[in-house]
Amino acid sequence: MPEATPADFDLAREALASITSVDTIGDPAGFVDEGDGVVTVYFATTMRGYAGWRWTVSIAHVDGLE
C-alpha cells in the first residue's frame, strides 16, 4: 500500500484551513490509499463537542500534473 507523503498532509492541512480555523485541525490521524492515485488523509479535530471526530481530505494524484 502506498504511503501518504508529508506533502499530502501539508496540502490537506492547507485545504482545511480554507474552510475552518487552523486551531480546529489537530494532529495527522492516518490515511487510506483509495486506489487509482487517490489518497485520503485524516486529522484529529480539536473542536469542542466533537471528541473522536476526524477531518477528512481526499487528494487525487494525476500523472503529468504537479
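**Close-up views of a three-stranded sheet**

**View 1. Pairing of β2 with β3.** Ala44 stands opposite Arg54 in β3. Strands β2 and β3 pair in the antiparallel sense over 7 bridges; two strands pair if DSSP finds at least two bridges between them. Strands are DSSP runs (E, at least two residues), numbered from the N terminus. The model is predicted: local features need pLDDT of at least 70, side-chain atom pairs count only at pLDDT 80 or more, and totals for chains, interfaces and linings use all residues. Residues are numbered from 1 along each chain as its sequence is written, and side-chain values use heavy atoms, with hydrogens and water left out.

**View 2. The sheet as a whole.** An open sheet is formed by 3 strands in the order β1-β2-β3, with antiparallel pairing. Strands β1 (25–35) and β3 are the edge strands, each pairing on one side only. From one strand to the next, the twist averages 20°; axes are lines fitted to C-alpha atoms, and angles run from 0 to 180 degrees between N-to-C directions.

View 3. The antiparallel strands β1 and β2 are joined by 6 bridges. Pro28 stands opposite Phe43 in β2, and Gly35 stands opposite Val38 in β2. The hairpin of β1 and β2 has 2 residues between the strands, and in this hairpin Asp36 takes a positive phi near 55°.

View 4. Thr40 lies in strand β2. With a relative accessible area of 3%, Thr40 is buried (buried means under 20% relative accessible area, exposed over 50%, partly exposed in between, with a 1.4 Å probe and protein chains only). A polar contact of 2.7 Å joins the side chains of Thr40 and Ser58; such a contact is a pair of N or O atoms within 3.5 Å, and within protein one must be able to donate a hydrogen and the other to accept it, while residues adjacent in sequence count only if both atoms are side-chain atoms. Ser58 belongs to the uncovered face of β3, together with Arg54, Thr56 and Ala60, whereas Trp55, Val57 and Ile59 make up the covered face.

**View 5. Trp53 and a nonpolar surface patch.** Trp53 is found in the loop between β2 (38–45) and β3 (54–60). Trp53 counts as exposed because its relative accessibility is 54%. Met47, Tyr50 and Trp53 make a nonpolar surface patch of about 310 Å². Nonpolar patches join side chains of Val, Leu, Ile, Met, Phe, Trp or Tyr within 5 Å, from residues with over 30% relative accessible area and no salt bridge (a side-chain nitrogen of Lys or Arg within 4 Å of a carboxyl oxygen of Asp or Glu). Accessible areas come from the Shrake-Rupley method with a 1.4 Å probe.

How values were computed:
Patches are made of residues with over 30% relative accessible area and no salt bridge: like charges are joined within 9 Å, nonpolar side chains (Val, Leu, Ile, Met, Phe, Trp, Tyr) within 5 Å. Helices (H or I, at least four residues) and strands (E, at least two) are DSSP runs, numbered from the N terminus.
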